[in-house]
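Work through the exercises below with the model in view. Try each task before reading its solution.

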Amino acid sequence: MIGEVIVVTSGKGGVGKTTTTANIGTGLTLKGKSVVLVDADIGLRNLDVVMGLENRIVYDLVDVVEGVCRLRQALIKDKRYPNLFLLPAAQTKDKNAVNPEQMQKLATDLSEEFDYVILDCPAGIEQGFKNAIAGANKAIVVTTPEVSAVRDADRIIGLLEASGLRNPMLIINRIKMEMVKRGDMMNIDDMIDILAIDLLGVIPDDDLIVVSTNRGEPVIATEQSLAGQAYRNVVRRLMGEDIPFMNLESDDGFFKKMAKLFGLNKKKQ
Amino acid sequence: MDLFKWFNKSTSSKDIAKERLKLVLIHDRANVSPQFLEMIKGELIKVISDYMEIDEEGLEIKLTRTKREIDDSTVPALVANIPIKRMKDKGNI
Ligand SMILES: Nc1ncnc2c1ncn2[C@@H]1O[C@H](COP(=O)(O)OP(=O)(O)OP(=O)(O)O)[C@@H](O)[C@H]1O
Ligand SMILES: [Mg+2]
């Protein structure tokens, strides 16, 4: 079995890479897939706390690469789900502790055991970025609807394509429906128009993300959360399902509401 | 693109954001300056004007991305939008 290796990147910091990694990973495992999440943000690890697994770390990614422990020993099993594991980043080392060749080998080894390997990339375009993308065969670019984030996303898309990661997929995070409606936030069409890549999902700004991060439980498991629903759609699209973004014609209350909030059915108003 | 619209308070801030992004990305994407694009624009006008009368004001040229047909991969593209006013008499060429 050779699983997919997906890197979650952004360029700009703080736009939701770690949140996205945690939710997609959890969503895939809820769909019956075996998943390992890799925190490639060496020196600034966060995926462990977002997943609520921070108390269970013994070994980390650098230990594996340096041969201090075996790969299996460093994987933390998330007991809430049937088949979800975390490979934590080292906290006290820096990004130069590993190189792209080592990361590539690590990703290959993991892809032989899991359906999905999801790498949480650090912000920036330096060594940490190069490490994180080295072993990936798919890339997700996360952005928020702001000028600086979209600009950085554009730069990352260029770098990904230059290193052979063709056709990255876009996640637009933290969209605020009221602001889009007022014309004070770029809408989905604006950003697709500018970045010219395929859209994987749109995640609304949602207080429940903060609440779920407080608890260390990804929001995707929260039934009533709008962001959770958006992430569930992302997961199904990743698995090859054709899930409409907003079904404007349908009478489905949820989609209608989403569409309206996202300002996508202007023509009808 | 109308730069003066930026100063018009009724333009929504997201449209301003979008226009600013488009401009800055021209620069970022191919390391091509707006001046360089102006140069290309001037040359294009010179060449095309031999064959047809064009609307120089309406001529737009930009760097963007497009999907390549053979493998669906995304590549940079130079896109020119050149409104034609009138074809010139071919007998004169
Ligand atoms: N859709 C959302 N709604 C509300 N809050 C969000 C949303 N997405 C992310 N956040 C919050 O934004 C903050 C940054 O998110 P996150 O840590 O996932 O970003 P990051 O891209 O991984 O950051 P870094 O570049 O530092 O690694 C977190 O506090 C998170 O809870
Ligand atoms: Mg992060």
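**Exercise 1.** Which element gives the largest share of the shell around ligand 1?

Solution. The model is predicted, with local features needing pLDDT of at least 70, side-chain atom pairs pLDDT 80 or more, and totals for chains, interfaces and linings using all residues. Residues are numbered from 1 along each chain as written, chains are lettered from A and ligands numbered from 1 in written order, and side-chain values use heavy atoms, without hydrogens and water.

Step 1. The elements giving two or more residues to the shell are α1 (17-30), β7 (169-175) and α10 (207-215) of chain A; helices (H or I, at least four residues) and strands (E, at least two) are DSSP runs, numbered from the N terminus.

Step 2. The largest share, 3 residues, comes from α1(A).

**Exercise 2.** Find the side-chain N or O atoms of Lys17(A) and Asn173(A) that approach ligand 1.

Solution. Step 1. Lys17(A) has such an atom 2.8 Å from an oxygen atom of ligand 1.

**Exercise 3.** Describe how α7(A) and α9(A) pack.

Solution. Step 1. Two packed helices are described by the angle between their axes and the distance between the axes.

Step 1. Helix α7 (residues 147-162) and helix α9 (residues 188-195) of chain A pack at about 35°, with axes 10 Å apart. Axes are lines fitted to C-alpha atoms over the stretch in contact, and angles run from 0 to 180 degrees between N-to-C directions.

Step 2. Val150(A), Ala153(A), Asp154(A) and Ile157(A) of α7(A) meet Met191(A), Ile194(A) and Leu195(A) of α9(A), contact meaning heavy atoms within 4.5 Å.

Terms used
Polar contact = N/O pair within 3.5 Å; in protein donor to acceptor, adjacent residues only side chain to side chain.
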